[in-house]
Amino acid sequence: MTKKEQHIILKTKDLSIGYQQKKQQQIVLSDINIAIKKGKLISILGKNGSGKSTLLRTLSKVQKPITGTIFFEDKNLNNYSENELSKKLSLVLTERLPESQLTVFEIIALGRQPYTNWIDALSKEDLLKINNAIVQTEITHLKNKNFYQLSDGQLQRVLIARALAQDTEVIILDEPTAHLDLHQTINIFTLLKDLVDKTGKTIILSSHQINLALQLSDHIILLKDNKLLYGSTETLISNNAFDDLFPNKLLKFNKSLQQFVVNKN
């Protein structure tokens, strides 16, 4: 077993997540104990309302857990300052960017904000990180375009490039293929898998693209029946984790294909 395989970068202990509704706390998931290894592509899967976004927001310190602890590189997440965490973890959300005249290069350069000095001057290292991110996401031909000229698929690549320029150990993405057609969805998933393999970064994403996630992810976090299941695709399949994910009879899980298929019976 290599050091990379042994290194746990993110783990939780007795974690409960949820949100505040009026004056009461609503628990979405509890007793979460997972350990995520460095250099893996992790997909969070589950039906609408199962808690995928809540989990991602909690792991990235956007919202507080109900109870329990999150550790990043063996350090309590609460003990990281905002600036410290921004050098360790980057976040790509589904919200559209506000209207502006920013170019693709300028958007990606924003990923260097945790490192730039008080006048926001870009150093040679900053420029190197930015240009490397542009090359890694294959958007060199777009770098001088205004972002409002981009398609949804192109914009998603730009946001991933911004996270790469931020140069964090972990990148978290909330539904990165939500507004994309099938072709672009496959492109983005393949890009993320390639980035994990080539950079050694850990990428955690939520998705409704279950079949693609099963094919390309190293590990799956499955949210089902108010519980969290975590493991490799093979382990979860052998434990019949996907068999009753959907209650209707239109979809069934085919173990030999390791995919959901339309039930024609």
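Helix α2 (residues 52–59) is largely enclosed by the rest of the structure, because six of its eight residues are buried. Buried here means under 20% relative accessible area, exposed means over 50%, and partly exposed lies in between (1.4 Å probe, protein chains only). Helices (H or I, at least four residues) and strands (E, at least two) are DSSP runs, numbered from the N terminus. The buried residues of α2 are Lys52, Thr54, Leu55, Leu56, Thr58 and Leu59.

The model is predicted: local features need pLDDT of at least 70, side-chain atom pairs count only at pLDDT 80 or more, and totals for chains, interfaces and linings use all residues. Residues are numbered from 1 along each chain as its sequence is written, and side-chain values use heavy atoms, with hydrogens and water left out.

Just after α2 comes Lys61, with a positive phi of about 70°. Most residues other than glycine have a negative phi. Lys61 is not a glycine; it sits in the loop between α2 and β5 (67–72) and is partly exposed, with a relative accessible area of 34%. Glu138, in the loop between α5 and α6, also has a positive phi, near 60°. Glu138 is exposed, with a relative accessible area of 56%.

The next element is helix α6 (residues 152–166). Its 15 residues should span 21 Å at 1.5 Å a residue, and its end C-alpha atoms are 21 Å apart, which agrees. The expected span is 1.5 Å times one less than the number of residues. Of the 15 residues of α6, 12 are buried, so the helix is largely enclosed by the rest of the structure. Among the buried residues are Leu155, Arg157, Val158, Ile160 and Leu164. The elements that cover the buried residues of α6 include α3 (82–86), β7 (89–92), α4 (104–109), α5 (124–136), β8 (170–174) and α7 (182–199), where contact means heavy atoms within 4.5 Å. After α6 comes Asp167, whose phi is positive, near 60°.

Strands β7 and β8 belong to an open sheet of six strands with mixed pairing, in the order β7-β8-β9-β4-β10-β11. Its edge strands, β7 and β11 (227–231), each pair on one side only. Neighbouring strands of this sheet are turned by 15° against each other on average, direction ignored. Two strands pair if DSSP finds at least two bridges between them; β7 and β8 pair in the parallel sense over four bridges. The bridge partner of Ser90 in β8 is Ile171. Helix α6 packs on the sheet, touching β7 and β8, and its direction makes about 170° with that of β7. Axes are lines fitted to C-alpha atoms, for helices over the stretch in contact, and angles run from 0 to 180 degrees between N-to-C directions.
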